[in-house]
Amino acid sequence: MEKEGDAKPKNTAPRLCCVCNHRRPALKRPKTLDQICRECFYEVFEEEIHQVIVGNQLFKPGERVAIGASGGKDSTVLAYVLSKLNRQHQYGLDLFLLSIDEGITGYRDDSLETVKRNEIQYGLPLKVVSYKDLYGWTMDDIVKIIGLKNNCTFCGVFRRQALDRGAAMLKVDKVATGHNADDIAETVLLNILRGDIARLSRCTAITTGEDGPIPRCKPFKFHLLQILNCIFTYAYFKRLDYFSTECIYSPNAYRGFAREFIKDLERIRPRAILDIIKSGEDFRISTTTKMPEQGTCERCGYISSQKWCKACVLLEGLNRGLPKLGIGRSRDLNNERKKDVKENNLTKSIESKQCGTLDF
């Protein structure tokens, strides 16, 4: 007989996965708060990526697609999932891994070893393009001259062009990158902070560069990265072989401050990341605000809105001993040339006067 004050027996039945209602849940999804098991999580995650690919018509049968592979979580998961979906749903794609070697000792050399293992694990051909071969400089060389303050400007400009040049070498139709919702939200925030509103309409698009040499697409646009969220969890549960060390030259990168702010928002409200992206998509941009018209660089033939592309301007500065040439909006190549000519003329004038004095 139950006595007054006795504790009532608790319902000890374990919670079950809300999808299969059979296995115990392993995680709670941040977007839906549903508790699901590992097996159902794999299926749901892969099906979401498939729906993004099909719904946005990212690929066409028979296309050659290069996967931007850095060895990190995002690109490793993308290579694994895209390779699996290509077989499962018969996309008919020829897939390749494309890596950029910036020449960063203790970082990129180690991550490239991961990509080389992925090449074997996933059976995908690998192409590595290096800054040294393309530009004659490594990031180690550049940092010795420029320091840590502006080195990310060089790396970002060179990497974007190197990715296009590598894709052209592979003769692919499209490049797929592992940019996720966090990355896109950071870019939206950075464009607002820099007053670069014209780029908002482009940075939130799932496919970009359609007016350039080779389009790029982002199958992970709607997926979150952070711990206990989709991409990280998938890589962790699947025990994928990836490289997790941050670049040793990026502690002072402007993007890093935006990333920390995004992380703080995500801890409080994970949905905020997707809302930032939606805000970027819905911004009403004035009709007078336009992107510069694309042309061709007179020096290297790469796309550019100026006579020389940004990479050529930066290289000119490095090769002439003017590493800050092209850094910031105030640095104009023509102005630097005029300044250089004036300095040379002044030097010659002084030397001439000195020589005349010695002759007496």
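## Strand E3 and its partners

Ala66 stands opposite Phe96 in strand E4. Strand E3 covers residues 64-68, and E4 covers residues 94-101. These two strands pair in the parallel sense over five bridges. The chain crosses from E3 through helix H2 (residues 73-88) to E4, a right-handed β-α-β crossover. Right-handed means that, with the strands pointing away from the viewer, the path from the first strand over the helix to the second runs clockwise.

This is a predicted model, where local features need pLDDT of at least 70 and side-chain atom pairs count only at pLDDT 80 or more, while totals for chains, interfaces and linings use all residues. Residues are numbered from 1 along each chain as its sequence is written, and side-chain values use heavy atoms, without hydrogens and water.

E3 also pairs with strand E6 (residues 174-176), again in the parallel sense, over three bridges. Here Val65 stands opposite Lys174. Pairing requires at least two DSSP bridges between the strands. Helices (H or I, at least four residues) and strands (E, at least two) are DSSP runs, numbered from the N terminus.

## Cover

Four of the five residues of E3 are buried. Buried means under 20% relative accessible area, exposed over 50%, and partly exposed in between (1.4 Å probe, protein chains only).

Phe257 sits in helix H10 (residues 254-268). Phe257 counts as exposed because its relative accessible area is 55%.

Phe222 lies in the loop between strand E8 (216-217) and helix H9 (230-237). Phe222 is partly exposed because its relative accessibility is 33%. The C-alpha atoms of Phe222 and Ala181 are 5.2 Å apart, although 41 residues separate them along the chain.
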